Amino acid sequence: MTTPSPAELAAAFPLLNDLIALRETAWFNPAATSLAEGLPYVGLTQADVRDAEARLARFAPYIAEVFPQTRATQGIIESEVAPVPAMQNALAQRYGQPLPGMLWLKKDSHLPVSGSIKARGGIYEVLAHAEKLALEAKLLSLQDDYRKLATPAFRQFFNQYRIAVGSTGNLGLSIGIMSAKLGFNVSVHMSADARQWKKTLLREHGVEVVEYEQDYSVAVEQGRKAAERDPRCFFIDDENSRTLFLGYAVAGERLKQQFIQQGVTVDADNPLFVYLPCGVGGGPGGVAFGLKLAFGDNVHCLFAEPTHSPCMLLGVHTGLHEAISVQELGIDNVTAADGLAVGRASGFVGRAMERLIDGYFTVADETLFALLRQLHEAEHITLEPSALAGMPGPWRLTADYLSRFTTAQLNNATHLVWATGGGMVPQAEREKYLQGQR
Ligand SMILES: *Cc1c(COP(=O)(O)O)cnc(C)c1O
C-alpha cells in the first residue's frame, strides 16, 4: 500500500485541515465502544496488570531503602489526587461557562524519584528487567527480601549490563535514575527538545547522555541501533513496550482506592472524565487501560496533544497509526511541551486503545502557558507546560458528545486532569515558565 499524499488525506479527512492550520480542535471517535467490546483488542488483561502490581510490591522494600522519599508510602511510588476548586472557578471565568461536577487534579507531577508520569512506566520496566536478570542468574527468588538488591554484590552484578532509551527528557530521567541506582550502565538518547537541566541532572547521576539535534523518533532510532551492537544492552522501547504500558496501568486500581478513601463515587450515575496529555501514547494509553479495568464503562478517557504535535489524533483518525507522522502534513512538531513533542505515535498503543478512548483534543502552546500561570495563581501548584494539556479538557467537550449523558450525570461528574510532570523543575526554570518563556 502506498501512503496517500497530504492533499489526498485532507480530502478524505477534513479534520486534518484544522491540524495543518494549527487550530485547537477536538475529535470524538464514533468507534469508541464498551470495555467488553474493546478489551480483546488490547492484547493484555487484568491478570497482566495484577502481575505488575505484585512485582512493584516485591520491590517496595528495596525502593523504600534506596529512595528515602518513598518511606512514607512504604516504597510505593504514588501521587496524590486532590480537588482544585479555585482552578475550577478560574477556568469557568476564562471560558465563560461554569463546569457542572467537580474538577480534580492527579499530581503525577509530584511522583517521588523523578517528578513525572514516567516514574510509573519507566521505573517499572527497569525493575522488571533487573528482576529477570537476577532470577535467571539464580541470585534472587521471588520470596526474597528485595532489599538485598541494594548490596554491593548486586550492584556489581548489574554493572555488567547496560540499559538504553530514547527520550524527550522525562523518560530518560526516570530510567536513568533508576538504572544508575541499581548499578546498571545507562545511556539516554535525548532529542533536541530535551531541557538542559534534565541532561545535567542525569550526568550528575553518572548517566551517559547522547544528544541529538533531531526529534524524538530519531533519538529512539539511534538508541535502538546503538543497543543492537551490544548484546549486554537492553533497549527500552517507548514506542512498543508492553512492560512500560503495564507499569502505567497500575495507576487505575490505585486511583480507585484513593477515590474510595476520599469519598468520591464513580458509578453509572457518577461518571468520571479523565484528561491525559499524550506524547507517543504509552503513558496515557497505559493509564487509560488501568482506569478502564478499574472503573469499567463509568470512566471516559480523553487524550490531549499540542497543536504542533497531534500525532495520536492523526494516527487514530486516519487509521494509519505509526505509518504517518505530523511532519508529513507539514506540521513541525516544535512545542514548548517537551514531554509531548512526538511526531509519530505508537502504533501499538493506537491500535490497542482506540476503541477505549472517547476523544482527542489539541491545545496551543500559548494556552499551556496561560493555564500554567493560572494554576500557579489559583492553587499554588507549578507544573511543566506538557502537564497542562489536559486542563482545558472539560471545556472542550462538545454538546454532541455531552448529549450521551443526562443532566444529572453531568452534575455529579468528576473531571480529573492528569498533571503529568513538573515536580523537579528547578526554581529558575519555573520562573521562566511563569513568565511564559519557552
Ligand atoms: C512523557 C510525558 C507525557 C506523555 O507520555 P507518552 O507516553 O509520551 O504519551 C505527558 N506528560 C509529560 C510531562 C511527559 O513527560
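Student: Which helix does Glu 37 lie in?

Tutor: Glu 37 lies in helix H3, residues 35–42. Helices (H or I, at least four residues) and strands (E, at least two) are DSSP runs, numbered from the N terminus. Note that this is a predicted model: local features need pLDDT of at least 70, side-chain atom pairs count only at pLDDT 80 or more, and totals for chains, interfaces and linings use all residues. Residues are numbered from 1 along each chain as its sequence is written, and side-chain values use heavy atoms, with hydrogens and water left out.

Student: Is Glu 37 buried or exposed?

Tutor: Glu 37 is exposed, with a relative accessible area of 52%. The cut-offs: buried is under 20% relative accessible area, exposed is over 50%, and partly exposed is in between (1.4 Å probe, protein chains only).

Student: And how far is Glu 37 from Leu 182?

Tutor: Their C-alpha atoms are separated by 41 Å. Along the chain, Glu 37 and Leu 182 are 145 residues apart.

Student: What's the geometry of H4 and H8?

Tutor: The axes of H4 (residues 46–66) and H8 (residues 170–182) come within 12 Å and cross at roughly 90 degrees. That makes H4 roughly perpendicular to H8. Axes are lines fitted to C-alpha atoms, for helices over the stretch in contact, and angles run from 0 to 180 degrees between N-to-C directions. Under 35 degrees counts as roughly parallel, over 145 as roughly antiparallel, 65 to 115 as roughly perpendicular and the rest as oblique.

Student: How many nonpolar residues are in the contact of H4 with H8?

Tutor: The contact of H4 with H8 has 5 nonpolar, no polar and 1 charged residues. Nonpolar covers Ala, Val, Leu, Ile, Met, Phe, Trp, Tyr, Cys and Pro; charged covers Asp, Glu, Lys and Arg; the others, Gly among them, are polar.

Student: Which residues form a ring cluster with Phe 184?

Tutor: Ring pairs link Phe 184 with Phe 154, Phe 157, Phe 158 and Tyr 161. Rings of Phe, Tyr and Trp (its six-membered ring) pair if their centres lie within 6.5 Å; planes under 30 degrees apart count as stacked, over 60 as edge-to-face and the rest as tilted.

Student: What sits over the ring of Tyr 161?

Tutor: The charged end of Arg 232, 5.0 Å from the ring centre. Arg 355 also lies over a face, that of Tyr 41, at 3.4 Å from the ring centre. The test is NZ of Lys or CZ of Arg within 6 Å of the ring centre and within 35 degrees of the ring normal.

Student: How many aromatic pairs are there?

Tutor: The count is 18 aromatic pairs. In one of them, Phe 273 and Phe 405 have ring centres 5.0 Å apart and planes at 70 degrees, so the pair is edge-to-face.

Student: Where do Phe 273 and Phe 405 lie?

Tutor: Phe 273 is in strand E8 (residues 272–277). Phe 405 is in the loop between helix H17 (399–402) and helix H18 (407–411). They are 132 residues apart, and the pair links distant parts of the chain. Phe 273 and Phe 405 are buried. Tyr 401 and Phe 405 also pair: centres 5.7 Å apart, planes at 65 degrees, so edge-to-face.

Student: New topic. How many residues of H14 are buried?

Tutor: 8 of the 8 residues of H14 are buried, so H14 is largely enclosed by the rest of the structure. What covers them includes helix H1 (6–12), H2, E1, strand E9 (299–306), H15 and strand E10 (359–363). Just after H14, Gly 319 takes a positive phi of about 75 degrees.

Student: Which residues other than glycine have a positive phi?

Tutor: Leu 22 is one of them, at about 60 degrees. Leu 22 lies in the loop between H2 (15–20) and E1 (26–28), and is partly exposed at 31% relative accessible area. Asn 333 has a positive phi near 60 degrees as well. Asn 333 is in the loop between H14 (311–318) and H15 (347–353), and is buried at 2%.

Definitions and conventions: Contact means heavy atoms within 4.5 Å.
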